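Take a walk through this protein with the model open beside you.

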Amino acid sequence: MKTLIRAGWSVLRLLGAACIGLTLGLAVSIAATPGGIGGTGIEPGGIGGTGISPGGIGGTGIVAIGPIQRFGSIFVNGGEYELPANTRYRVDGEPATEGSLHLGDMVRVRAVQQRGRLESLVVDVDHAVIGRVSHLDRSAGRVVVLGQTLQLQPATLLRAADDQPLSLSRLAVGDVVRVSALDQGGGHWRATRLTRLTASPAKDGSPFLLRGRIEAQASDPRRIRINGVWFSLRIGLARSGLAVGAEVVARGRQQSRTNVIESLRPMTAIDAPIGSRVAMVGYLRPTAQGWASQGLRINAADALMNAQLQAAARSQAAPVFIVGTLTASQTVVAERVIPNVNVMQFALPPLGGARTTDTQTGDVSSVPSLMSNGAKTNIQVPSFAVPALPAVNPPGFIAPPMPAVPAMPAVPQMPTVNVPSVAPPSVSPPQVPTVTPPTVAPPAVNMPSVTPPSLPSGVQMPSMPRP
């Protein structure tokens, strides 16, 4: 009997160990599955368009489009974006490093909120044009490259190839430059940074890059026009179905007689989940579908915002700042617009790490809260004080003295009238004698005595003979 009991306990121990091992193995298998648990959608690509990605859980994603304003992390449109070790970098679509970032470079930053900070997942640098200077107007601050007119501003950064400051007087026709700029349409750009790559072009032609829109195609299928300039396609280069109206990035070499495109690809769309917040600067360009800027369609959230977009488009002395939400088809639904901003200084916090409180400008009350659906993103809106208008006196004009106003005559006083006092007569009411009504005794009535008649004692019924 004892032997059987020991054998039973041994079997039970083995079964328990097997169950524990099976449970641990199942748990490890589930944790190691890339696709997540039971179809919950937890995967490296994110959860249901919320912007959750390998960088961690940070809520809705944020996309910033604008120039790099400052380093120490990077500042874009006044927001500070951290650069953790897992941040990926691209320059004109090619893999790059953090060292490829420069002040004034136009970038697209995709970030998520992490522990109260904005951490960058991807930073894309997009140059507007690279090529040889064909015309230079120093007095007007205009440079022409590949038929594109680049307007220099006081805030435009001019740099040599070693990132040292470059004066405009040292720039010359024939220099190969790389330019970051905002597209104003019609082949006109507002430059934020210009870097001189070489002081003289190569003998076999210099490389070029142009970001723009295919406007036309010649009878020869190898000839296309981009931003007002005709280019030749390299023999054997397929257009990959790119038709007129497509936004493209063209690369090639500038020859003595023609510019030959060696690579033609569509512009990279925003690689961000639907619902991401977008903060961007740019110029509004009318299209058949509405407004466009930075390769994105811009729709208004409501009728009031549509009117504000139209007003901002009419007075584009400088770029506009737009905050909205990314929807399908690379469309941004605008919820806030600020016209005519200084893109290199807009909303920057003061140096030294101090943060300013949110201020108002026009009807803008809280740009930071719009950026991340309620989570602050350190974008500060500068306040603008309206200067007081000086008082201007017309020359030679002396105001005549005002004529004296005659005094009003005194109003005559009414004479005092003594009204005689009359005492009212004293009237006593008449005395009315008291009348006593006579006492009347009721008459006595004797009721008659009536004796009821007596009825006979009985009535004899006659007897009827029996038959």
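A pocket is an open set of grid points where a 1.4 Å probe fits, with protein on both sides within 12 Å along at least five of seven lines. This model is predicted, and its largest pocket holds about 1100 Å³ of space. Its lining counts 45 residues. Glu247, Met267, Gln294, Gly295 and Leu296 lie nearest the centre. Several strands each supply at least two lining residues, among them β6, β14 and β22. The largest share, five residues, comes from β12. By class, the lining has 14 nonpolar, 18 polar and 13 charged residues.

Now look inside. In soluble globular proteins, nonpolar side chains tend to be buried together. Here the largest nonpolar core has 33 residues. Val143, Ile226, Ile261 and Leu264 have the most contacts inside it. Beyond its neighbours within four places in sequence, Ile226 is in contact with residues including Leu210, Phe231, Val248 and Ile261. A second, separate core has 20 residues, including Ala272 and Val320.

Charged pairs come next. Side chains of opposite charge can pair when their charged atoms come close. The structure holds 13 salt bridges. In one of them, Asp92 pairs with Arg211, with the closest N and O atoms 3.2 Å apart. Asp92 sits in the loop between β4 and β5 and Arg211 in strand β14, so the pair ties together parts 119 residues apart in sequence. Both residues, Asp92 and Arg211, are buried.

Another salt bridge joins Arg117 and Glu119. Arg117 is partly exposed, at 39% relative accessible area, whereas Glu119 is buried, at 9%. Arg117 and Glu119 also belong to a network of salt bridges with Glu82 and Arg115.

Notes. Residues are numbered from 1 along each chain as its sequence is written. This is a predicted model: local features need pLDDT of at least 70, side-chain atom pairs count only at pLDDT 80 or more; totals for chains, interfaces and linings use all residues. Side-chain values use heavy atoms; hydrogens and water are left out. A nonpolar core is a set of buried Ala, Val, Leu, Ile, Met, Phe, Trp, Tyr and Cys residues joined through side-chain atoms within 4.5 Å. Buried means under 20% relative accessible area, exposed over 50%, partly exposed in between (1.4 Å probe, protein chains only). Contact means heavy atoms within 4.5 Å. On a 1 Å grid over the protein atoms alone, a cavity is a set of points where a 1.4 Å probe fits but cannot get out, and a pocket is an open set with protein on both sides within 12 Å along at least five of seven lines; lining residues have an atom within 4 Å of a point. Grid points are joined across faces, edges and corners, and a volume is the space filled by probe spheres set on the points. Helices (H or I, at least four residues) and strands (E, at least two) are DSSP runs, numbered from the N terminus. Ala, Val, Leu, Ile, Met, Phe, Trp, Tyr, Cys and Pro count as nonpolar, Asp, Glu, Lys and Arg as charged, and the others, Gly among them, as polar. A salt bridge is a side-chain nitrogen of Lys or Arg within 4 Å of a carboxyl oxygen of Asp or Glu.
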